[in-house]
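Visitor: Hi! Could you walk me through this one? I'm new to reading structures.
Guide: Happy to, let's have a look together.

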Amino acid sequence: MEAILAECVRDNLRHFVHRNAIFMCERLCAEFPSETNLQLLATCYLQNNQAHCAYQILKGAHMAQCRYLFALSCFQMDLLSEAEAALSPSESCTEVPNGAAGHYLLGLIFRYTDRRQSAIHHFNQALTLDPLLWTAYEELCTLGAAEEATKVFDEGASLCIQKLYLHIELSSQNMRVSNEDHDVASNRSLGSADDSTRQLHSQGNSLRDVSRNNHGAASSQPLNCGSAGLPFYNTPSPMATQSQLSGVAPPPLLRNAQLNGPNMRAFVADNSPRQTVNSTIPGPRRKFVDEGKLRKVSERLFSDSGQRRSMRLAGESVVNTNSYLSVSGNGTNHSSKFLGGSKLISVASRSLTYRKGQSWTNENVDEGIPASNSSPSVDNRLLEEEGLSRSSGAAVSSSSRYNDGASEILVILRLLGDGFRLSCLSRCKDALDIYIKLPQKHYNTGWVLSQVGKAYFEMVDYLEADRAFSLARIASPYSLEGMDIYSTVLYHLKEDMKLSYLAQELVATDRLAPQSWCAMGNCYSLQKDHETALKNFQRSVQLNSRFAYAHTLCGHEYVSLEDFENGIKSYQNALMVDSRHYNAWYGLGMIYLRQEKFEFSEHNFRMAFRINPLSSVIMSYLGTALHALKKNNEALEMMERAILADTKNPLPLYQKANILISMENLDGALAVLEELKEYAPCESSVYALMGRIYKRRNMHDKAMLHFGLALDLKPSATDVAAIKAAIEKLHVPDELEDVL
């Protein structure tokens with residue numbers, strides 16, 4: 001009963017019938033209460049997204065797998081201290097339960113409790129135990145602590161994969177073959193227990209189809225690497241007297257129709273029907289069946305087909321109650337009967353049909369013909385050799401396949417790993433060069449194309465990012481990987497129609513995914529409806545509190561609503577989830593810059609710059625903070641780096657001109673602004689700043705011209721007021737303007 005219920009539960013879980021699995025597993029635990037069955041019940045609840053139930057069931061459990069499932073339940077319920085206690089080694093158990101998966105879960109716990117070094121250690125341990133645990137390498141990349149993929153997915157990893165997964169396959173094969181052999185043995189047992197006539201039927205079949213060990217007994221050596229401990233039953237053949245055996249050659253030993261391996265083929269060739277062997281050594285004395293009860297089988301009984309069934313299939317065909325046994329010859333005699341002077345008789349092509357229930361004595365038989373016999377030691381040795389040959393052949397074949405497969409997998413993982421690691425280090429151009437080396441079938445997958453889109457997004461190449469994400473949507477329309485970034489790309493491109501369509505599609509695909517509500521929030525933010533956008537971003541946080549980008553987007557909306565206090569809290573929440581989330585550091589720097597807390601601003605911009613040292617935008621605002629702190633030389637150097645990082649970004653050029661003006665380098669500032677006009681010809685602030693420079697040089701006509709151009713470009717209301725004020729004070733000296 002216990003075995004039936006347990007298998008029923010596992011079958012329900014395999015087919016995702018979770019409600020029935022829970023119900024049947026409760027019956028199992030009620031009838032057979034044990035920690036193993038409670039573990040199965042907890043598994044049912046976890047797969048049904050009911051972690052709180054699994055938590056209550058497994059509380060206080062001691063088995064390693066139970067501790068792992070309990071820790072997983074605690075992690076999903078955000079009870080990180082209890083999860084850590086369940087997984088940590090103790091006096092009773094010195095190892096982390098569940099191997100690589102346990103180390104990975106413990107690494108996540110340490111990461112979210114801000115213990116970076118411990119998290120790195122456990123992620124590395126997980127990869128050592130299972131190199132195919134890709135998510136552990138992803139976490140190391142996110143923490144900025146991943147080694148090069150060529151070192152992680154090396155030859156040592158290949159050997160580990162072969163050892164791990166080849167062992168699993170061989171174990172499953174042995175279990176499958178053992179189950180098959182057990183079924184056959186059971187069938188034979190049932191078939192031989194009915195009556196003596198049924199026993200004679202199976203004996204005749206073994207002589208006619210497959211001579212198992214020339215004594216009519218099933219060999220103790222299992223076939224196809226099966227388990228040797230399964231119960232095979234001896235079914236002795238009818239024997240002749242010792243005088244009849246003298247001078248009689250044994251028939252050829254054909255154990256299996258499918259000739260496996262060179263040893264088997266060589267043996268059959270040596271024992272062809274043309275060969276005559278005169279044996280004068282009698283076999284061991286055994287119990288014989290009464291000759292009066294057995295008639296000699298006719299010549300056609302020993303006619304055999306060229307293509308035989310295996311011993312296992314032959315045994316199954318005898319006990320099948322609805323089957324017919326047919327043996328047809330093809331002109332080749334594989335099993336001969338013996339007459340008088342041990343002469344082999346070739347048998348013509350015959351066919352014999354036997355219906356279950358008929359007696360062998362109904363066949364056309366002659367009396368006085370003995371059954372075949374041979375040396376048991378020779379036969380047993382041959383059976384052992386065949387078994388070893390099959391076992392070694394299967395092992396070599398599987399090992400070779402796994403060696404090739406592991407090497408192919410690791411080649412792909414090296415490329416993917418290097419690309420992802422470089423992306424996390426903000427080396428996006430290098431990452432793109434790696435991704436392009438992937439085979440086309442891997443490059444055109446949703447995950448890779450999303451990573452390509454993210455790389456272009458970090459490079460502020462929004463058009464290429466849009467293209468990559470569009471291809472990702474085509475390749476995997478069901479996947480939401482990177483769609484939060486895609487919605488931000490469309491936000492920056494001001495593609496309101498595409499963004500609205502994307503948001504509706506994502507919500508229709510999965511309403512419980514945080515990416516869906518991030519896209520919806522960006523859609524409302526683009527429409528300047530910041531309050532509704534904030535509600536959508538908060539919904540995303542509610543669905544996944546460990547989604548750092550949703551916290552950052554909440555902070556952006558709070559800043560748009562001039563709620564700097566809550567904005568700071570949102571950015572700090574994002575950093576608690578991911579301390580390398582540079583967007584949150586950047587957001588904090590912007591708030592402090594607007595609040596004129598320049599020291600705090602510089603600190604946060606520097607933190608963002610350490611994580612992403614190639615961002616032109618971050619360098620520009622760091623230079624602005626340095627300029628506000630009167631560190632003009634350092635600020636000017638930072639602006640130069642920002643310009644080199646992205647020549648199309650107008651912000652560092654504009655800030656560089658401001659710094660040069662403060663350093664009284666008006667000619668240099670004008671030269672920079674003239675260059676900037678080529679990149680941003682419709683930017684009103686550029687013309688307004690040029691007007692200020694011409695005013696300071698007492699070139700009032702040119703100043704008035706540029707102020708007018710700035711107004712024509714329809715700047716914001718604040719800028720309009722500032723420009724009009726500058727026009728009114730056009731003829732007022734700068735010294736008096738400061739006093740006024």
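Visitor: What do the side chains of Arg546 and Asp78 form where they meet?
Guide: They form a salt bridge, at 2.8 Å from N to O. That term means a side-chain nitrogen of Lys or Arg within 4 Å of a carboxyl oxygen of Asp or Glu. Keep in mind that this is a predicted model, where local features need pLDDT of at least 70, side-chain atom pairs count only at pLDDT 80 or more, and totals for chains, interfaces and linings use all residues. Residues are numbered from 1 along each chain as its sequence is written, and side-chain values use heavy atoms, with hydrogens and water left out.

Visitor: Which parts does the pair of Arg546 and Asp78 tie together?
Guide: Arg546 sits in the loop between helix H24 (530–543) and H25, and Asp78 in the loop between helix H5 (64–76) and helix H6 (80–87), so the pair links parts 468 residues apart in sequence. Helices here are DSSP runs (H or I, at least four residues), numbered from the N terminus.

Visitor: Is Asp78 buried, exposed or partly exposed?
Guide: Asp78 is partly exposed, because its relative accessibility is 47%. Buried means under 20% relative accessible area, exposed over 50%, and partly exposed in between, with a 1.4 Å probe and protein chains only.

Visitor: How many salt bridges are there in the whole structure?
Guide: A search finds 20. One of them joins the side chains of Asp418 and Arg421, at 3.7 Å from N to O. Both residues belong to helix H16 (residues 376–424), three residues apart, about one turn of the helix. Both Asp418 and Arg421 are buried.

Visitor: New topic: which residues of H22 are buried?
Guide: Leu499, Leu502, Ala503, Leu506 and Val507 are. They are on the same side of H22, because they cover an arc of only 125° around the axis. The arc is that of the directions from the helix axis to the C-beta atoms.

Visitor: Why do residues three or four places apart point the same way?
Guide: An α-helix has 3.6 residues a turn, so residues at that spacing point the same way.

Visitor: And what covers the buried residues of H22?
Guide: The cover includes helix H20 (462–475), helix H21 (483–492) and helix H23 (514–526). Contact here means heavy atoms within 4.5 Å.

Visitor: What's on the face of H22 turned away from its buried side?
Guide: That face carries the exposed residues Met497, Tyr501, Gln504 and Ala508.

Notes:
Helices (H or I, at least four residues) and strands (E, at least two) are DSSP runs, numbered from the N terminus.
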